Amino acid sequence: MRHPLQRPAGDVRHFLEWLATERKVSASTLNQASAALLFLYRDVLREPARFPADMPRARRPTRVPDVLAPEEVARLLAALRPDHRLVVALLYGTGLRLMEALTLRLKDVDLARRRIHVHDGKGGKSRFTVLPDSLVQSIGEQMARVRRQHVRDARRGGGYVVLPGAYGRKNPGAARDWRWTWLFPAGRQYRDRSSGHVFRHHVFSTTIQRAVKDAARGAGLNKRVTPHTMRHSFATQLLRNGYDVRTVQELLGHRDLSTTMIYLHVLDHGVGVRSPLDTLGGTERREVGQ
């Protein structure tokens, strides 16, 4: 419990090594601790020389994502409630991240051109992705229901929606414009304390995360399944269908092609390779299996 300036110079390195070897923390936790100590000595105590200049950053291991086969996706969707099923089906059919799907507005869906406009993806990037033909009718019906709900809310004094950035000050009327309504609105409204207006938020991410987890368990899937697994499965299935990796990169909104290339490792490259075990004679195979 001594002041950091009273500690020996090598204590920072020893502490970080202790975290890695004794506590066995993850690479992200170790880098976070290192950044916190650097901030302490450089910006708070104004003694940057006390932090080791040659301290390396821990490398996060590269993990191949889990993906679902088409038949597994079908089992998962069948185990979901109808209101949750449409969200998860959209994730698998478009490759959207969960929050990208939940923050879609009615104006972002182009039924005629079969595409979805993502305005504020990861890194603030905008992109288009495909809208599956099999979801056009369901999404159209969802949009009609949401518009009717918005009209009812507006008649009762509500119908407000949060607008991005400073757009609400530039165009105050857009807060009650049905085109800005969430594609997947929440079931309840709330009253904003500062303005007194009644708003409706979009469906919370935890609701879909919990629904996917329960559905995967109910479907008997032996993999760790999250909403993001749908995005991984979308990319992998496109590559299996013969689409080039550049097209998949654009649909996913990846800045670096190397991020998309990881899905090439998920493909069934081992299909067609005969295992050495299968070359044994019938008797030997039966003995091994006993």
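Leaving aside neighbours within four places in sequence, which residues is Ile 208 in contact with? In this predicted model, local features need pLDDT of at least 70 and side-chain atom pairs count only at pLDDT 80 or more, while totals for chains, interfaces and linings use all residues. Residues are numbered from 1 along each chain as its sequence is written, and side-chain values use heavy atoms, with hydrogens and water left out.

With contact taken as heavy atoms within 4.5 Å, Ile 208 meets His 84, Val 87, Val 88, Leu 98, Leu 102, Val 203 and Pro 227, its neighbours within four places in sequence being set aside. Helices (H or I, at least four residues) and strands (E, at least two) are DSSP runs, numbered from the N terminus.

Strand S2 (residues 115-118) pairs with S3 in the antiparallel sense over four bridges, where pairing requires that DSSP finds at least two bridges between two strands. Here Arg 115 lies opposite Val 130 in S3.

Elsewhere, Asn 31 sits in helix H2 (residues 27-44). Asn 31 counts as buried because its relative accessibility is 10%, the classes being buried under 20% relative accessible area, exposed over 50% and partly exposed in between (1.4 Å probe, protein chains only).
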